[in-house]
Amino acid sequence: MEGKKCVMKTPFHVMLIPTLGCPARCSYCWSSEEGSPIMSIDIIKEVVEWLKDFQNDPVTITFHGGEPLLAGAEFYRKALPLLSGGLSHLKPSFAIQTNLWKLNPEMAQILAEYAIPVGTSLDGPEEINDLQRGKGYYKKTMRGYELARAQGLDVRFICTFTSYSVERKEDIFNFFLENKFTLKLHPALPSLRNKNPEKWAISPEKYAELLEYLLDQALEHLDEIDIMNINDLCRCVFTRRGNVCTFADCMGYTFAVGPDGDIYPCYRFVGMPEYVMGNVHTHPTREDLARSDAWKRMHQFKEYVDTGCGECPHIRYCRGGCPYNAIVPHDGEIKGVDPHCAAYRMIFDEISNRLNKEMVESPFMGMTGFHAKPGQNARPGIMSLMHKIISR
């Protein structure tokens, strides 16, 4: 409207961690604590009371872990109506991240009733996947996938690239392409809890090469596959705004609740006492959480980025990358940005340069906008990908 400035808010996201336990033993994962407790329904009730008046923006609630399906069907049968009914004024949407091993018809039906999108993990062909995630992982996850699809659930895969698997990126990409799976990649990273954090971690240089390779593949196979990271990166450059948690000021808009009700800045901190900001039992306000040491440490990162990245052309939509990634190399201290900064800069430069070139070479783009598809003989570019994203 005339005279009013449109302000795009960072989405409000709460991650519920029913347990840190997990039946899988992925080589590079920290989140499989033996004997981890299971969240009770009483904690869910307190989550509702906490969030009811916390803020008025719509909320996305993601069940994560560990392995969230370890909580069992009865937990979700009770938790979902409590959350959807008690927070109806916040228009809650739900998601779940699971390896699908514990999915059964009863659980699948419960998730389908709420149309909950499912994220799961697969690192490519069985041979590569099981080398990284353990023998038998592939078959167990694919069994769960088939059951989820039979119930009409939308299932998407996260593929973790490690220092080993990145050397086989072509095999992995072709696996996702041939199976018509949507691909979302995750680079293996060091952890604050790992005794040997560098073993599987992918270097910034290799990650940069991987992103550029996948950008080329996304454009070459534009109508055959979605690579979510490439979509997100292009959207960042085009809108000049971070739109996923890695590239946004997530502090204060993203929270995680552990099995005992403790509140953390992100699920990656769950179970680490020094990052507890409060507990749902006391229904803390934003101001209460802001007084915690953990909140203050996260906001120190934001201030560091404002100063240290001030001259970077991508600061508006990169924001120094992930705060967790940034503090791991420095034992929890704020002394740098995300170690993959060089990779982010490279791919943002590449997308920006290609986009600028396309706009210069397409003088009518400003008049036709995204509604004009590229000519039959034109090689798909960034504008073609943005047209695909926006036209959905």
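How many aromatic pairs does the structure hold? The structure, a predicted model, holds 27 aromatic pairs.

View 1. Phe 94 belongs to strand E3 (residues 93-97), whereas Tyr 114 lies in the loop between helix H3 (105-113) and strand E4 (118-121), so the contact ties together parts that are 20 residues apart in sequence. Phe 94 counts as buried because its relative accessibility is 9%, and the limit for this class is under 20%. Tyr 114, at 28% relative accessibility, counts as partly exposed.

**View 2. Phe 157 and Phe 181 form a tilted aromatic pair.** Centre to centre, the rings of Phe 157 and Phe 181 are 4.6 Å apart, with 45° between the planes. The pair links distant parts of the chain, 24 residues apart. Phe 157 is found in strand E5 (residues 155-161), and Phe 181 in the loop between helix H6 (169-178) and strand E6 (183-187). Both Phe 157 and Phe 181 are buried.

**View 3. Six residues form one aromatic cluster: Tyr 138, Tyr 145, Phe 157, Phe 175, Phe 176 and Phe 181.**

**View 4. Strand E1 pairs with strand E2 and with strand E7.** Strand E1 comprises residues 12-16 and is mostly covered, with 4 of its 5 residues buried. Strand E2 (residues 59-63) pairs with E1 in the parallel sense over 5 bridges. The pairing of E1 with strand E7 (residues 254-257) is likewise parallel, and it extends over 4 bridges.

**View 5. The charged end of a lysine sits over an aromatic ring at Trp 101 and at Tyr 213.** At Trp 101, the charged end belongs to Lys 140 and sits 4.3 Å from the centre of the ring. At Tyr 213, the charged end is that of Lys 169, which sits over the ring at 5.6 Å from its centre.

Technical notes:
Residues are numbered from 1 along each chain as its sequence is written. This is a predicted model: local features need pLDDT of at least 70, side-chain atom pairs count only at pLDDT 80 or more; totals for chains, interfaces and linings use all residues. Side-chain values use heavy atoms; hydrogens and water are left out. Buried means under 20% relative accessible area, exposed over 50%, partly exposed in between (1.4 Å probe, protein chains only). Helices (H or I, at least four residues) and strands (E, at least two) are DSSP runs, numbered from the N terminus. Two strands pair if DSSP finds at least two bridges between them. Rings of Phe, Tyr and Trp (its six-membered ring) pair if their centres lie within 6.5 Å; planes under 30 degrees apart count as stacked, over 60 as edge-to-face and the rest as tilted. A charge sits over a ring if NZ of Lys or CZ of Arg is within 6 Å of the ring centre and within 35 degrees of the ring normal.
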